[in-house]
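Open the model in your viewer and show it as a cartoon. The stops below each give something to select and then say what is there.

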Amino acid sequence: MVLVDSVTRAGQSLVVCRRQDGPATEDDASPLRPRDAATGRGHVQSGHEPPRLAKFHVPEIVFGSGSLSEAAHAAARLGARRPLLVTDDGLLAAGWPQQLGRHLQDAGMRPSVWSGVTPNPKDHEIAAGHEHYRAERCDVLVAVGGGSVIDAAKGIALLAGNGGVITDFEGVDRMVNPIPPMVMVPATSGTGADVSQFCIVTDTLRNTKITILGRALVPDVSVVDPQLLTTMPDWLNAATGLDALTHGIEAYVSRAHNPLTDHHALQAISLVGGHLERTMDHPLEQESRVFMAQAALEAGLAFTNAILGAAHAMSHQVGGLLDLPHGVINGILLPHVVRFNAEPDPARFVPIAQALGFPDAIGGHWSQALAEDASEWAAVEVRRLADELGVPKGLAEIGVTEADVEKLATMTMADACLSTNPREATRDDIEALFRQAL
Ligand SMILES: NC(=O)c1ccc[n+]([C@@H]2O[C@H](COP(=O)([O-])OP(=O)(O)OC[C@H]3O[C@@H](n4cnc5c(N)ncnc54)[C@H](O)[C@@H]3O)[C@@H](O)[C@H]2O)c1
Ligand SMILES: [Fe+2]
């Protein structure tokens with residue numbers, strides 16, 4: 001049975017199709033629709049109706065090798081005279097902030113550098129960054145770094161416009177005042193934070209990562225320079241690539257997906273499947289880095305508009321508890337969540353499997369059994385990729401214990417990302433998923 005819900009989420013009115021859980025019906029075995037014109041891939045109908053209303057919010061995007069200098073022009077266009085250049089120690093060691101600082105100076109600005117961010121940015125770091133922003137009388141945020149740096153910059157912008165403490169803004173559209181302009185330069189190929197309306201911050205009192213959502217958090221300009229990816233250590237390349245894959249898959253099956261997000265989600269899945277392993281084997285090869293930068297970007301465009309699902313809702317809790325790489329946790333959780341979501345309705349996972357290399361159905365007919373095979377194949381393929389990249393088999397290997405499961409499940413139920421998971425998940429379901437993933 002299909003219910004069509006009109007919901008307001010993240011400041012946008014979205015019309016989503018909600019599928020009630022229950023046994024698969026004959027309808028689920030519906031044949032392929034004609035090949036999708038944009039992706040060239042087939043679709044299996046899965047009870048999702050086309051949306052009556054689709055919104056797609058994106059920043060201005062500059063993409064290409066050597067585009068770093070464009071960030072300075074973008075900041076100047078936004079009126080910057082004293083931009084705050086947010087970055088971290090790892091980026092400073094790689095030399096990218098120094099290059100960007102010179103570009104900003106060449107364009108007539110006096111940047112002030114702040115690098116007090118650590119991975120999984122902490123609430124108190126954002127407070128310190130905001131203090132620096134005020135003391136230095138800055139006007140625009142420019143960030144170069146991974147998702148942690150970009151989220152810290154968003155947090156600083158949010159406080160600059162609204163005051164208070166960052167944890168007060170947990171949830172959807174809690175900020176009321178405008179915030180300063182933001183130019184983001186991603187240095188990893190994964191998070192999509194440079195185009196997203198998300199800001200993920202560690203609440204150090206509760207040892208969890210909170211999700212702050214709002215259209216105001218979509219940066220003004222994203223400058224994607226794939227050259228920056230060549231200094232990533234291998235573990236980070238693997239982790240962020242798996243993060244992009246998780247974004248693509250969760251956005252594609254999200255309750256809030258629409259044809260615009262579908263296109264980018266499938267493209268991202270296909271690009272990660274086709275190029276992530278090659279970047280591990282040939283780290284300095286430009287071509288595969290460009291494809292991975294595009295994958296991360298398209299995954300970001302998909303999930304910022306379609307939101308995410310249970311893998312992210314669960315991953316945020318583990319990341320807050322153990323301060324571990326976000327993409328690695330996603331890589332462990334994703335196959336389990338794919339199986340859970342595909343169980344009542346595997347059809348939506350068929351295009352995902354195809355994007356990862358699953359062959360077309362003979363004669364174009366996808367029976368229920370074949371759709372089940374394809375969704376199981378997709379789960380196995382995600383795990384194979386994770387194995388190839390050296391991701392631990394289970395959460396126990398990274399330090400999660402049985403004693404943590406109840407608390408992790410309780411906190412997962414409150415995470416904004418769970419609301420768009422395609423299958424209704426009870427607290428017991430989430431506990432069971434954590435146990436499977438141990
Ligand atoms: N806001 C969003 O939409 C969104 C989406 C997904 C994830 N996230 C968040 O992003 C964070 C993870 O970000 P991440 O995976 O990009 O990594 P990160 O920003 O946490 O960086 C990890 C480490 O890698 C180093 N590093 C990053 N890029 C480098 C480069 N090019 N060369 C050398 N060193 C480099 C950093 O200095 C840092 O020490 C998590 O907190 C996660 O929750 C946010
Ligand atoms: Fe993510």
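How many bridges pair β10 with strand β13 (residues 221-224), and in which sense do they run? Select both strands in this predicted model: the pairing is parallel and is made over two bridges. One contact to pick out is Val183, whose bridge partner in β13 is Val221.

**The whole chain**

Before going further, zoom out. The protein has 14 helices and 13 strands. Of its 438 residues, 54% count as buried. Take the contacts between residues at least 6 apart in sequence: 79% of them join residues at least 24 apart.

**The six-stranded sheet**

Now select β5, β13, β10, β8, β6 and β7. In that order they form an open sheet of six strands with parallel pairing. β5 (60-63) and β7 (112-114) are the edge strands; each has a single partner, so one side of each has no neighbour in the sheet. From one strand to the next the twist averages 20°. As background, strands of a sheet pair through backbone hydrogen bonds, either parallel or antiparallel.

Strand β6 (residues 84-86) is joined to β7 by three bridges, and the two run parallel. Leu84 has Ser112 as its bridge partner in β7.

Next, move to β8 and β10. Five bridges join these two parallel strands. Val142 stands opposite Val183 in β10, and Val183 is also the residue partnered with Val221 in β13.

**Strand β10**

Keep β10 selected and show its side chains. In a regular strand, side chains alternate between the two faces of the sheet. Here Met182, Met184 and Pro186 point one way, while Val183 and Val185 point the other way. How many of the five residues of β10 are buried? Five of the five are, so the strand is largely enclosed by the rest of the structure.

Select Val144, which is found in strand β8. Is Val144 buried or exposed? Val144 is buried, because 30 other C-beta atoms lie within 10 Å and a count of 20 or more is the threshold. Met184 is 40 residues away along the chain, yet the C-alpha atoms of Val144 and Met184 are separated by 6.3 Å. Leaving aside neighbours within four places in sequence, the contacts of Val144 include Thr87, Leu91, Trp96, Pro97 and Leu100. Val149, Val185 and Ala187 are also among them.

**Helix α5**

Helix α5 lies across β6, β8 (141-145) and β10 (182-186). Its direction is at about 165° to β8.

**Around ligand 1**

Centre the view on ligand 1. Which residues are closest to ligand 1? They are Gly90, Gly146, Gly147, Ser148 and Ala193, out of 34 residues that surround the ligand. By class, this shell has 14 nonpolar, 16 polar and four charged residues.

Then colour the elements that contribute. α2 (89-94), α5, β11 (198-203), α6 (234-253) and α10 (326-342) each supply at least two residues of the shell. Colouring by domain gives another view of the site. Domain 1 (2-21 + 34-55 + 233-437) and domain 2 (60-231) both give residues to the shell, so ligand 1 lies between them.

**The three-stranded sheet**

Select β9, β12 and β11. They form an open sheet of three strands in that order, with mixed pairing. Its edge strands are β9 (171-172) and β11, each pairing on one side only. β9 and β12 pair in the parallel sense over two bridges, and Gly171 stands opposite Ile212 in β12.

The last stops concern backbone angles. Most residues other than glycine have a negative phi.

Select Asn207, in the loop between β11 and β12 (208-213). Its phi is near 55°, a positive value in a residue other than glycine. Asn207 is partly exposed, with 14 other C-beta atoms within 10 Å.

Finish at Asp323, in the loop between α9 (310-322) and α10. Asp323 is not a glycine either, and its phi is positive, at about 50°. Asp323 is partly exposed, with 16 other C-beta atoms within 10 Å.

Methods: Residues numbered from 1 in each chain as written. Chains lettered and ligands numbered in written order. Predicted model: local features only at pLDDT ≥ 70, side-chain atom pairs only at ≥ 80, totals over all residues. Pairing = 2+ DSSP bridges. Helix = DSSP H or I, 4+ residues; strand = E, 2+ residues; numbered from the N terminus. Axes fitted to C-alpha atoms, helices over the stretch in contact; angles between N-to-C directions. Contact = placed C-beta atoms within 7 Å. Near = placed C-beta within 6 Å. Nonpolar A, V, L, I, M, F, W, Y, C, P; charged D, E, K, R; others polar. Domains from an automatic or database assignment. Buried ≥ 20, exposed ≤ 12 C-beta atoms within 10 Å, placed from the backbone.
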